[in-house]
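Biologist: I am new to this structure. Could you show me how to read it?

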Amino acid sequence: MRSPGRIRRTALAALSAGALFAVSGCGEGGDRTAKGTTGTAEAKDVLLQSLASPGPGPFTASTARTAASPSSTGAPDAEPTSATRTVHPISGAVPGLYGGTRSVAACDVERQASLLADDEGKARAFADASGIEAVQIPGYLKSLTPVVLRADAQVANHGYSAGSATAFQAVLQAGTAVLVDSRGMPRVRCVCGNPLGPPVVADGKVAHRGERWPGYDPARIVAVEPGVKAATSLIIVNVDDNSWIERAVGDSGGRDRTPDDPPPFEPDADLLFPSPGRPSESAPPDPAPSDPTPSGPSEPEGPTDPGPPEPSDDFGDTPPEGPWEYEEEGDPDIAPEPTQVFPAEPDEPTGPGDPTGPDDPSGPDSPTGPDEPMEAGLDDVFAG
């Protein structure tokens, strides 16, 4: 029979585990899988994390090498005039979303791998949050590119607590050193070694916790989305002289070069208003076609041959500038006059219309987004 003290200890352990389970988001619909986490539909609690602040539950010591300037992308230096929170989706492939110093890595990737290798529990939790095996960590980190953010960005951060990675929503200050993948997604925050994932942007009122930095504007937050396809290089901004750098994916700056085909805007262009990464917004609308009809009679002469009662082409309009389209029957080298486009044999029976219907209107499958991270509150997850 168990002693009363042992029963009491068992009950306390069960209550503690249940509390941690509820805080980490499972009570709101979160579900933990064998590879990483999937999260809740809303994230009402967002932590502001400045450049050098490791935040709760850091995985490692800082491996950030540079202290980039926090100012970026035209963000105001004074206090924001509006408190309306707006998160702007932006592709990770947009040139200028990230910055860096030519031939200098923003993070020490080798040291990051070494620090994780020294702690088996943290390595296992890091791999679980990143969707990889622990033995794959060195290769995974080397496949990422060290850069710095040039806009305040919301991410799903992961702190280390009680032997596992616990997700929480965070806004990282512009200038934060991160490792990004081939689609431009932030995957590691170098000042703390935490794995990162896509944010969960909540609807309605959101509580921003933590200390605000100068120039912070809740209406100028980006949420990075993966590029359409994996890239072999990223176009970033040289924070030293405001020039373009092409940095190979997975390279620490040793192969940096000036891009052969630089973007059609300046490196200091505002990323958000408007976004240069969206051609549909920057491209001018197609001009209305001009009237090619020359001055003269408003209605040109009709064809001499009346043809069938309902001809397939209307020759009352001025002929287009391009070549006529017609069925080639006979000698293809003889181009008929416009009045010869009518059927040659009116007495032949006209066949039924083309029975084939229009192409299948269904579009391509919508891309499946990445798993959303398991959300955690910020009050109790990292206590103790």
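This is a predicted model: local features need pLDDT of at least 70, side-chain atom pairs count only at pLDDT 80 or more; totals for chains, interfaces and linings use all residues.

Biologist: How many helices and strands does the protein have?

Modeller: Helices (H or I, at least four residues) and strands (E, at least two) are DSSP runs, numbered from the N terminus. Here there are five helices and 15 strands.

Biologist: What share of the residues is buried?

Modeller: Buried means under 20% relative accessible area, with a 1.4 Å probe and protein chains only. Buried residues make up 39% of the 384 residues.

Biologist: Is helix H3 mostly covered or uncovered?

Modeller: H3 spans residues 120–130 and is mostly covered. Nine of its eleven residues are buried, among them Phe126.

Biologist: What caps the N-terminal end of H3?

Modeller: Asp119 does. One of its side-chain oxygens lies 3.2 Å from the backbone nitrogen of Gly121. After H3 comes Gly131, with a positive phi near 75°.

Biologist: Where does Asn194 lie?

Modeller: Asn194 is in strand S11, residues 194–197. Asn194 counts as buried because its relative accessibility is 0%.

Biologist: Which residues does Asn194 touch?

Modeller: Contact means heavy atoms within 4.5 Å. Leaving out residues up to four places away in sequence, Asn194 touches several residues, including Phe126, Asn157 and Arg187.

Methods: Residues are numbered from 1 along each chain as its sequence is written. Side-chain values use heavy atoms; hydrogens and water are left out. Buried means under 20% relative accessible area, exposed over 50%, partly exposed in between (1.4 Å probe, protein chains only). A polar contact is a pair of N or O atoms within 3.5 Å; within protein, one must be able to donate a hydrogen and the other to accept it, and residues adjacent in sequence count only if both atoms are side-chain atoms.
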